[in-house]
Amino acid sequence: ETFSEEKANKIKSEYEKKLQVMNKELQKLHTAQKEHARLLKSQLQYEKQLKKLQQEVGEMKKTKVRLMKQMKEEQERARMAESRRNREIAQLKKDHRKQEVSLRCLKMLIYIQYCSHCRS
């Protein structure tokens, strides 16, 4: 081989090595690009899921507020009903005592009338 052929072969060999290195780098870049695209897609899915969960939490908070208000109203209604029942019971006891007093008075009157008949 002549000097120029050796030089050409050497240049060709160096070029092929550089080309192989560059092809490997290109493959690495393609792999990295695919991984980046996959991670980006995954991130978008997570962000979408996060947004959905945040909306659900917001709805749950609204539901909690509504339920707490409803519970408070029901407690107030129950308290008022209990108060009404207590007043009714007190009134019934009062009426019962009055009836007992009236009954005792009637018995006493009957007894007095009976005794006055017995004396006459």
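Student: Buried means under 20% relative accessible area, exposed means over 50%, and partly exposed is in between. Where does that put R79?
Tutor: This is a predicted model, so read every value as computed from it. R79 has a relative accessible area of 46%, so it is partly exposed.

Student: What does R79 form a salt bridge with?
Tutor: Its partner is E76. The closest N and O atoms of the two are 2.6 Å apart.

Student: And E76, what is its relative accessible area?
Tutor: 38%, so E76 is partly exposed too.

Student: How far apart are E76 and R79 in helix α1?
Tutor: They are 3 residues apart, which means a separation of about one helical turn.

Student: Why would such side chains pair at all?
Tutor: Opposite charges can pair because their charged atoms come close.

Student: How many salt bridges in the whole structure?
Tutor: The search finds 5. One of them joins the side chains of R38 and E35, at 2.6 Å from N to O. Another joins K62 and E59, at 3.9 Å from N to O.

Student: What is the spacing of R38 and E35 in helix α1?
Tutor: R38 and E35 are 3 residues apart, so about one helical turn separates them. K62 and E59 are also in helix α1, 3 residues apart, about one turn of the helix.

Student: Is K62 buried or exposed?
Tutor: Exposed, because its relative accessible area is 56%. E59, its partner, has 46% and is partly exposed.

Student: Back to the other pair. What class does R38 fall in?
Tutor: R38 counts as partly exposed, at 48% relative accessibility. E35 counts as partly exposed as well, at 36%.

Student: Change of topic. What does the secondary structure come to?
Tutor: The chain has 1 helix and 0 strands. Its radius of gyration is 51 Å, well over the 14 Å that the globule rule gives for 120 residues, so the chain is more spread out than a compact globule.

Student: What does the C-alpha trace span along its principal axes?
Tutor: About 175 × 15 × 10 Å.

Student: What share of the residues is buried?
Tutor: Buried residues make up 2% of the 120. The accessible surface comes to about 12,200 Å². Carbon and sulfur atoms account for 60% of that surface.

Student: Which residues form the nonpolar patch on the surface?
Tutor: L106, M108, L109, I110, Y111, I112 and Y114. Together they have about 780 Å² of accessible area. M108 is found in helix α1.

Student: And which residues gather in the positive patch?
Tutor: K93, K94, R97 and K98, on the surface. K93 is in helix α1. It is exposed, because its relative accessible area is 52%.

Student: How many positive and negative charges does the chain have?
Tutor: There are 31 positive and 17 negative charges. Their mean positions are 15 Å apart.

Student: Last one, K41. Which helix does it lie in?
Tutor: K41 lies in helix α1, which covers residues 3–119. At 56% relative accessibility, K41 counts as exposed.

Student: How far apart are K41 and L67?
Tutor: 26 residues in sequence. In space they are 39 Å apart, C-alpha to C-alpha.

Notes:
Residues numbered from 1 in each chain as written. Predicted model: local features only at pLDDT ≥ 70, side-chain atom pairs only at ≥ 80, totals over all residues. Heavy atoms only, no water. Helix = DSSP H or I, 4+ residues; strand = E, 2+ residues; numbered from the N terminus. Rg over C-alpha atoms; globule rule 2.2 N^0.38 Å. Buried < 20%, exposed > 50% of the residue type's maximum accessible area, 1.4 Å probe, protein only. Areas by Shrake-Rupley, 256 points an atom, 1.4 Å probe, with all protein chains shown as cover. Lys, Arg positive; Asp, Glu negative; His and termini not counted. Charge placed at Lys NZ, Arg CZ, Asp CG, Glu CD. Patch = residues over 30% accessible without salt bridge, like charges linked within 9 Å, V, L, I, M, F, W, Y side chains within 5 Å. Salt bridge = Lys/Arg side-chain N within 4 Å of Asp/Glu carboxyl O.
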